[in-house]
Amino acid sequence: MDRRIFISTLASLPFISSAQATLPWKAEFVVGGFDGITYAAGFRVIMDKGWKTYWRNPGQAGIPPHIEITGANLESMTIDFPLPLRIIEDGSEALGYHDEVVFPISLKPIDATKPISAHLSSFFGICAVVCTPAKFEADGKFANDNPQSAIISKWQMRVPQPSRFISAAHVTEHYLVLDLKQSLKDIFVEGPDRYFFQAPDFAKETGRAWIKVEGLKDSKDLLGIELRITADANGPGLEQRVTVA
C-alpha cells in the first residue's frame, strides 16, 4: 500500500479496543515497574498466523509503527525496537515481525515521587497478502512493581545494543561495502529515504558484506552519508552508526 494512502486512511479510522476479537490482531498497552528513574512500558501486538507488522524501517513496502504517549507527570519517552526479521514474500522484502512483538517504552516522570497516568495511541500496519491500516489506544496506570515487567524485559533483551562490528564502510558502483569484524547472519541498513538497501551478500574470505543500493545513480552520492546499521549476530542484535568514505 502506498504510504500516503495509508496515512490518509488512518485519519478516518476509529480507535480499536483490544477486546475486539474479530480482527487478525490484538494489541495491548503493557505496564511495567519503576527503577527509580523511568517507568517501563510496552506496546504489544499479537498477530494471527500469516500476518506481520513492521520495524521502524519497514523495507521495500510497509509503514513503520507510530506510537505516542501523553499523560500527567510525564517528562519524556523513549521507544525501542527489537531486532527485526527479513520477511520475503512474492518477491518483495519487509522488515518486521510475525506472531508477536513488544516495543519497549521508557517513561520518565517529571516528579519521580509521583506516579504516571499515561495514554497510548498508535498507528501501524498489519499485513498478510494485503496491508490493513490499524489504530489502537489504551490507558495505563503505573506503580513501583507490576507483573507485566517480565514480558517487557524479555523484549528489551532483543533490542540491538551499540557495538563496533564494522571497521569501514565504502561504496562501489551500486553497492555499499562493509568491512566486518565478526560473522553476521543479516544486516539492516537505514539511510536516506530515496535509497533501499537490499539483503547483504557475505564474502567470508574477505570479511566483507556487499549490499546493493536501489535508487543510487552515482556512487559519489553516498559519500559522507551517515548510515545506521543494525545486525543480527546469530542471536544478539548489534547497532552502529558509520559514515561512508
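**Sheets, hairpins and a cavity**

Guide: Let's begin with an open sheet of four strands, ordered β11-β19-β18-β14, whose pairing is mixed. Strands here are DSSP runs of E with at least two residues, helices are runs of H or I with at least four, and both are numbered from the N terminus. Two strands pair if DSSP finds at least two bridges between them.

Visitor: Which are the edge strands there?

Guide: β11 (161-162) and β14 (186-190), each of which pairs on one side only.

Visitor: Before we go on, what kind of model is this?

Guide: This is a predicted model, where local features need pLDDT of at least 70, side-chain atom pairs count only at pLDDT 80 or more, and totals for chains, interfaces and linings use all residues. Residues are numbered from 1 along each chain as its sequence is written, and side-chain values use heavy atoms, with hydrogens and water left out.

Visitor: What sits in the loop between β18 and β19?

Guide: Asn234 lies in that loop, between β18 (226-232) and β19 (237-243). Its phi is near 55 degrees, a positive value in a residue other than glycine. Most residues other than glycine have a negative phi.

Visitor: Is Asn234 buried or exposed?

Guide: Asn234 counts as exposed because its relative accessibility is 54%. The cut-offs are under 20% relative accessible area for buried and over 50% for exposed, with partly exposed in between (1.4 Å probe, protein chains only).

Visitor: Where else is there a positive phi in a loop?

Guide: Asp99, with phi near 70 degrees, lies in the loop between β7 and β8 (100-109). At 44% relative accessibility, Asp99 counts as partly exposed.

Visitor: And what does β7 pair with?

Guide: Strand β6 (residues 85-89) pairs with strand β7 (residues 92-98) in the antiparallel sense, over five bridges. Leu85 stands opposite Gly96 in β7. The hairpin of β6 and β7 has two residues between the strands, and Asp90 there takes a positive phi near 55 degrees.

Visitor: What about the hairpin of β12 and β13?

Guide: That hairpin has two residues between the strands as well, and Glu173 takes a positive phi near 50 degrees. Strand β12 (residues 166-172) and β13 run antiparallel, joined by six bridges. Ala168 has Asp179 as its bridge partner in β13.

Visitor: Why call β13 largely enclosed?

Guide: Five of the six residues of β13 (residues 175-180) are buried, so the rest of the structure largely encloses the strand. β13 also pairs with strand β17 (residues 208-214), antiparallel and over five bridges. In that pairing, Leu176 stands opposite Ile211 in β17.

Visitor: New topic: how many cavities of 30 Å³ or more are there?

Guide: One, and the largest cavity holds about 40 Å³ of space. On a 1 Å grid over the protein atoms alone, a cavity is a set of points where a 1.4 Å probe fits but cannot get out, and lining residues have an atom within 4 Å of a point. Points are joined across faces, edges and corners, and the volume is the space filled by probe spheres set on them.

Visitor: Which residues line the largest cavity?

Guide: Asn57, Arg86, Leu95, Ile187, Phe188, Val189, Phe196 and Phe197. Two elements give two or more residues to that lining, β14 and β15 (196-197). β14 gives the most, with three residues.

Visitor: How do the lining residues divide by type?

Guide: Six are nonpolar, one is polar and one is charged. Nonpolar covers Ala, Val, Leu, Ile, Met, Phe, Trp, Tyr, Cys and Pro, charged covers Asp, Glu, Lys and Arg, and the others, Gly among them, are polar.

Definitions and conventions
1 Å grid on protein atoms, 1.4 Å probe; cavity = no way out; pocket = protein on both sides within 12 Å on 5 of 7 lines; lining within 4 Å.
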